[in-house]
Amino acid sequence: MENLNSYLIVSAILFAIGTIGVLTRRNAIVIFMCIELMLNAVNLTFIALSRHLGNLDGQVFVIFIMTVAAAEAAVGLALIIAFFNNKESIDVEDVNIMKW
Amino acid sequence: MFDKVWLIPLFPLIGFLINGLFGKKIKNETVIGGIGTLMIFLSFLVSCGILMQMIGLPPEQRVFEKVLFPWIHSGNFKADMAFLVDPLSVIMIMIITGVGSLIHLYSIGYMHGEEGFYRFFAYLNLFCMSMLLLVLGSNMLVMFIGWEGVGLCSYLLIGYYFHKKSAGDAAKKAFVMNRVGDFGFLIGLFTLYWWFGSNHNIWTVNFTEIKAASHLLPYGGVVTFASLCFFVGATGKSAQIPLFTWLPDAMEGPTPVSALIHAATMVTAGVYMIGRMSFVFVKSPETMMVIAVVGAATAIFAATIGTAQNDIKRVLAYSTVSQLGFMFLAMGVGAFSAGIFHLMTHAFFKACLFLGSGSVIHAMHHALHKVHSNDDAQDMRNMGGLRKAMPITFLTFLVSTIAISGIPGFSGFFSKDEILWMSFANAYHGDLNIVLWGIGAIAACFTAFYMFRLVFMTFFGESRLSPKAKDHLHESPLTITIPLMVLGFLAVVGGYIGMPKLMGMLPNYFEHWLDPVFELANEYGSKYAHHGAHPSHAIEWGLMGLSVVIALVGIAIAFTMYVKRTELPGKFVATFPTLHRAVYNKWYIDEIYDYVFVNPCKAAGQFLWKGFDVLVIDGVVNGVANVVMGFSGIFRYMQSGYVYNYAFTMALGVVVMLGYYVFK
């Protein structure tokens with residue numbers, strides 16, 4: 001695997017895009033998708049390194065991450081729907097009643 | 001019958017529970033009063049049974065201990081709920097249940113229509129139970145339960161009219177002063193227990209066991225300390241100098257309470273306690289001297305105050321304090337059976353006097369109420385000439401007054417003369433004897449004076465009521481007059497069971513009766529015998545005659561001042577205004593106590609409240625809270641509520657942590 005670096009670079013770029021998306025966007029669903037992007041960037045790193053090192057552990061981890069991500073998607077979307085029911089909005093700026 | 005002794009305190013307890021729990025629902029005064037009176041009367045019957053059985057036994061077998069159930073058993077310490085039946089406790093239960101029954105009966109008439117009628121009878125029953133526990137307890141702890149119980153009931157009954165501030169204050173005063181005494185009692189108890197335990201490995205609070213081991217006690221030393229502590233307890237309960245000022249204030253309670261608790265029974269608990277532990281007290285000559293001196297001083301001191309009071313019940317209250325002083329004088333000169341004898345005769349005539357004054361107040365109150373007058377129904381200056389309107393009350397009152405004054409043939413003479421004689425002829429105090437006798441004799445003169453002053457002002461002369469009110473005066477109902485007549489009868493004949501040997505007409509049954517109880521104490525006391533003189537019969541006759549003359553002089557002065565020449569008291573006051581003011585104001589004792597004890601206590605309380613509690617305690621507590629609030633005031637701004645802030649902080653944190661590991 002001579003081109004491990006290229007995989008890692010793609011992964012890093014994806015992670016950075018995801019992070020910036022989470023920090024800058026207001027729309028809860030977009031933030032949510034950005035988090036998925038970050039998770040998948042990590043998955044890509046796991047797979048690439050697993051292949052590179054000839055060790056299956058990384059791939060097992062990826063299965064776990066995808067399972068957790070699925071559960072998280074279900075819970076997260078439910079939260080967003082519940083929020084929308086209350087506020088008629090999915091803008092995270094409006095989630096502000098728990099501050100000083 | 002001895003086995004059934006536990007029934008005696010049980011009946012009043014049942015009465016207390018019935019009236020206390022259901023009295024409010026029963027409402028019917030006859031039923032409530034009937035239950036209360038019946039219960040104490042049943043106790044009286046059981047007591048009579050025990051007395052009868054005891055009379056039938058030879059003197060050695062007259063002590064019986066009934067263990068009801070084991071109470072505290074812990075290591076060396078052992079205290080049972082147990083009753084001691086002996087000649088002394090039998091006399092006490094006879095007085096308590098006998099006089100108690102009469103006063104319960106009286107209360108049905110006297111308390112008629114009062115708010116909280118059931119409460120009164122519940123308390124009265126509870127008091128009888130506590131008092132019976134006190135005298136029957138076979139160890140110091142059971143006695144202490146009773147000791148505290150009667151204090152509590154006294155508090156509750158003095159404060160019976162609790163909506164009146166003066167009654168509430170008097171109740172508090174009585175309770176606090178009793179507590180001071182109780183503290184002494186406890187310290188004495190601990191000292192005796194500790195001394196026997198640590199020196200002889202006898203860990204006991206039981207009277208019989210302490211008596212059996214009392215030969216181990218040294219003369220003086222630790223015994224002086226312990227017995228003085230017990231004596232402090234006795235001064236609190238029995239209103240002696242210095243803890244006597246609560247008793248006159250206790251007259252705020254209803255009159256039957258004054259008769260039962262503050263004349264006949266509770267206040268004699270201190271005398272009883274000294275009698276019960278006489279074998280400890282005689283081992284300390286110092287304590288005996290303190291008791292005798294305090295007793296004599298109280299007798300004369302309270303008697304002087306009694307001469308200038310105008311409230312009929314207050315005169316009687318000071319008279320009680322004074323008579324209790326006589327009892328303590330008897331105890332202090334080793335004349336234990338004379339002291340208990342005076343306790344008994346005093347219970348008869350003083351209960352009669354109090355109940356008689358209650359009858360007078362009842363009639364006065366009624367008459368004044370009818371004409372809508374606000375005059376004080378207890379003030380003797382409003383009375384006068386009552387003997388025509390209230391013949392039975394007058395007669396019983398007069399008989400009791402003669403008895404307390406010490407006129408031969410009446411009960412008070414036998415007991416008081418015995419005390420005076422013993423204070424002259426005892427073996428304990430050497431040269432002090434003549435002083436003790438002198439003080440006692442003068443106090444007896446004062447007693448005759450103020451008691452007849454009371455009788456003359458109340459029952460003789462012309463009525464000082466308005467003519468309209470006078471028409472409403474009438475004799476009290478039968479429930480009131482029957483107890484008066486019974487007690488008046490006892491005040492006359494009660495003394496004949498204890499006639500002095502000298503007169504020789506009857507043997508001194510009373511002294512023989514108590515011999516087994518005080519035998520040991522007298523034996524210990526005989527150690528001092530070499531100090532004592534052996535006065536002849538001629539001296540005894542002479543002193544007896546002298547004390548009669550003294551009493552007659554007191555009566556004659558009272559007769560001159562309050563019947564013959566009624567302008568004399570006014571002249572006397574005009575001649576000695578300072579003296580009169582001092583006596584009228586009770587020698588300013590209350591003011592002195594306020595200045596020396598109460599006000600410093602209040603000041604200390606103020607300081608501890610404003611200075612210590614508010615500044616230090618509250619300061620620390622509030623300070624902690626303020627510091628926490630200050631910090632949270634700063635840190636709460638971290639919670640901006642914006643999701644991107646939290647996310648950014650998280651990302652930053654991750655970067656910092658990664659950076660730390662990468663560039664380490």
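Trainee: Leaving aside its neighbours within four places in sequence, which residues is A351(B) in contact with, and what makes them contacts?

Mentor: In this predicted model, A351(B) is in contact with V99(B), I103(B), A259(B), A263(B), A264(B) and L487(B). They are called contacts because their C-beta atoms, placed from the backbone, lie within 7 Å of that of A351(B).

Trainee: Where does A351(B) stand in the largest nonpolar core?

Mentor: That core has 212 residues, and A351(B) is among those that touch the most other members, together with F127(B), L132(B), L329(B) and A330(B). Helix α15 of chain B, residues 336–370, gives the most to this core, with 19 residues. A second, separate core of 7 residues includes V22(A), F32(A), C34(A) and V643(B).

Trainee: Why is chain A called more spread out than a compact globule?

Mentor: The globule rule gives 13 Å for 100 residues, whereas the radius of gyration of chain A is 17 Å, well over that value, so chain A is more spread out than a compact globule. Its C-alpha atoms fill a box of roughly 50 × 25 × 20 Å along the principal axes. Chain A holds 3 helices and 0 strands.

Technical notes: Residues are numbered from 1 along each chain as its sequence is written. Chains are lettered from A and ligands numbered from 1 in the order in which they are written. This is a predicted model: local features need pLDDT of at least 70, side-chain atom pairs count only at pLDDT 80 or more; totals for chains, interfaces and linings use all residues. A nonpolar core is a set of buried Ala, Val, Leu, Ile, Met, Phe, Trp, Tyr and Cys residues joined through C-beta atoms within 7 Å. A residue is buried if 20 or more other C-beta atoms lie within 10 Å of its own, exposed if 12 or fewer, and partly exposed in between; C-beta atoms are placed from the backbone. Helices (H or I, at least four residues) and strands (E, at least two) are DSSP runs, numbered from the N terminus. Two residues are in contact if their C-beta atoms, placed from the backbone, lie within 7 Å. The radius of gyration is taken over C-alpha atoms; the globule rule is 2.2 Å times the number of residues to the power 0.38.
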